[in-house]
Amino acid sequence: MDAKTLRKGERYYKSGKVLWVVKYGDRLFSKVLGTYPYYVELNLQTGENRCTCPLGGDCKHVAAVMKAHESGFYFETFDKHAELFPEAVAMEFLAEVPELALDVTLKELRFALSTDESGSEVARIFRRALKLVEITGKREALHVLEEVAEEYRHVFEDYELSLKLEDELRELETAL
């Protein structure tokens, strides 16, 4: 990988675009926010890598995951399911640290709002964020959810779902 790509990857990592990294044996699996969410696999032994971005690998997304690993930003697992379902394994780790899960979820939510054409993914992540705010009691996250709900309503104005999400947010605000 050339120096320019490595620098771009480092910027991606430093700007928080690497959502999670799971290490299983000598392999890394990760989700990186680029133009779209991209999934990266990297073999630490051979350097072979794959990415779901248009380049397919040897890209800034892989470089960002390398930097994350170098910096100790990863979950290590011995669960063989990590190869098939790395995101599920990452979510399991995050569930153990709800505050971190909320931070990751809010990043993912903001990103999905700009890329999700159907609104379905945003709604799914929004509801996860609601549950995490309820678990953590982090009221300061509510303003982010309010902004997302407002933008969702603007983009998907004819969706009944936008009203339901706002109602769910109001219920949580009342409960906290």
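**Close-up views of charged side chains in a predicted model**

**View 1. Glu108 and Lys31 in contact.** The side chain of Glu108 is in polar contact with the side chain of Lys31 at 2.5 Å. A polar contact is a pair of N or O atoms within 3.5 Å; within protein, one atom must be able to donate a hydrogen and the other to accept it, and residues adjacent in sequence count only if both atoms are side-chain atoms. This is a predicted model, in which local features need pLDDT of at least 70 and side-chain atom pairs count only at pLDDT 80 or more, while totals for chains, interfaces and linings use all residues. Residues are numbered from 1 along each chain as its sequence is written, and side-chain values use heavy atoms, with hydrogens and water left out. Glu108 belongs to helix H4 (residues 98-115), and Lys31 to strand S2 (residues 27-33). Helices (H or I, at least four residues) and strands (E, at least two) are DSSP runs, numbered from the N terminus. Glu108 counts as buried because its relative accessibility is 4%; Lys31 is likewise buried, with a relative accessible area of 4%. Buried means under 20% relative accessible area, exposed over 50%, and partly exposed in between (1.4 Å probe, protein chains only). The side chain of Lys31 also makes a polar contact with the side chain of Glu87, at 3.4 Å.

**View 2. A salt-bridge network of Glu10, Lys14, Lys67 and Glu70.** Salt bridges link these four residues, Glu10, Lys14, Lys67 and Glu70, in a network. A salt bridge is a side-chain nitrogen of Lys or Arg within 4 Å of a carboxyl oxygen of Asp or Glu. Side chains of opposite charge can pair when their charged atoms come close. Between Glu10 and Lys67, the closest N and O atoms of the salt bridge are 4.0 Å apart. This pair links distant parts of the chain, with Glu10 in helix H1 and Lys67 in helix H2 (residues 60-70), 57 residues apart. Lys67 also forms a salt bridge with Glu70, where the closest N and O atoms are 3.4 Å apart. Glu70 and Lys67 both lie in helix H2, three residues apart, which is about one turn of the helix. Glu70 counts as exposed because its relative accessibility is 61%. Glu10, at 27% relative accessibility, is partly exposed, and so is Lys67, with a relative accessible area of 21%.

**View 3. The salt bridge of Arg127 and Glu168.** In this salt bridge, the closest N and O atoms of Arg127 and Glu168 are 2.8 Å apart. The pair connects distant parts of the chain: Arg127 is in helix H5 (residues 120-136) and Glu168 in helix H7 (residues 160-175), 41 residues apart. Arg127 is partly exposed, with a relative accessible area of 35%; Glu168 is partly exposed, with a value of 25%. Over the whole structure, a search finds 17 salt bridges.

**View 4. A patch of positive charge on the surface.** Lys4, Arg7, Lys8 and Arg11 gather in this positive patch. Patches are made of residues with over 30% relative accessible area and no salt bridge; like charges are joined within 9 Å, and nonpolar side chains (Val, Leu, Ile, Met, Phe, Trp, Tyr) within 5 Å. Lys and Arg count as positive and Asp and Glu as negative, whereas His and the chain ends are not counted. The place of a charge is taken as NZ of Lys, CZ of Arg, CG of Asp or CD of Glu. Accessible areas come from the Shrake-Rupley method with a 1.4 Å probe; for residues, only the protein chains shown count as cover. Arg11 is located in helix H1 (residues 3-14) and counts as exposed because its relative accessibility is 52%.

**View 5. A negative surface patch.** Glu146, Glu147, Glu150 and Glu151 form this patch of negative charge. Glu151 is placed in helix H6 (residues 142-155), and its relative accessible area of 36% makes Glu151 partly exposed.

View 6. Asp58 lies in the loop between strand S4 (49-51) and H2. Its phi is near 45 degrees, a positive value in a residue other than glycine. At 49% relative accessibility, Asp58 is partly exposed. Tyr36 is situated in the loop between S2 and strand S3 (37-43) and is partly exposed, with a relative accessible area of 44%. From C-alpha to C-alpha, Tyr36 and Glu173 are 31 Å apart in space, and they are 137 residues apart in sequence.
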